[in-house]
Amino acid sequence: MNNMNRGTKNLVNTILSLLVISVLGGLGYLLFSSGESFVPENFIEARGRSAIIASELVSDLNISLLQSLPKISEEDKNGRFSSALGLVEQEIEKIQKVKDMASKLSIELTNMAQAIQGIKPVVARNLALEAVSQEVSMINHLLNYNNYFYSLLETLKLKFSGDIRYDSSDVQVLIENMNKEAKEINSINDSFNQKLKEFDSAIN
């Protein structure tokens, strides 16, 4: 848990730095007049890499959302606590991969944000900023999702051990929260992709 908390804090700091960069990039809007379309090469490259990373992240989360979480919930409701705990521990192993990909995504989003000031026309620049800001929000939800998973593991450990601190409603509440976060992640990523489609139209 300590390592997870430190990793989360580092990612949040990266996200906050990115937001500052995005705002500063917005100050450059007034420095450009509308004219020929232009997109910096580093924005194009970072966009391509971020799209691949985000797609893989969402795919992995959907597997957990549609397959793993329902199974964990079923095992818990039927009193098969050891099986439920084992399934959660399998999912926990995937969290490090999610953390690593979230970190890589934040780097690519930072690269995109740093290049936004050079985008023309202004409407395209605005769309790029909106898209990057949305994906930053997605990373926050990813961190929340991971934290819920760790809490679920600890709760099932209490349940399996017969600890009196265990509350029977905790598991289902945590799973519901994870479902909400996963659905929000899907929605935000869809919006990110839609903004980039609008961005493409604006520069063509």
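**Aromatic pairs in a predicted model**

A search of the whole structure finds two aromatic pairs, where rings of Phe, Tyr and Trp (its six-membered ring) pair if their centres lie within 6.5 Å. The model is predicted, local features need pLDDT of at least 70, side-chain atom pairs count only at pLDDT 80 or more, and totals for chains, interfaces and linings use all residues. Residues are numbered from 1 along each chain as its sequence is written, and side-chain values use heavy atoms, with hydrogens and water left out.

Trainee: Which class describes the aromatic pair of F43 and F199?

Mentor: Planes under 30 degrees apart count as stacked, over 60 as edge-to-face and the rest as tilted. The centres of F43 and F199 are 5.4 Å apart, with 40° between the planes. The pair is therefore tilted.

Trainee: How many residues apart are F43 and F199, and which helices hold them?

Mentor: Helices are DSSP runs (H or I, at least four residues), numbered from the N terminus. F43 lies in helix α2 (residues 41–77) and F199 in helix α5 (residues 170–203). The pair links distant parts of the chain, its residues being 156 apart.

Trainee: Is F43 buried or exposed?

Mentor: Buried means under 20% relative accessible area, exposed over 50%, and partly exposed in between (1.4 Å probe, protein chains only). F43 has a relative accessible area of 0%, so F43 is buried.

How values were computed: Helix = DSSP H or I, 4+ residues; strand = E, 2+ residues; numbered from the N terminus.
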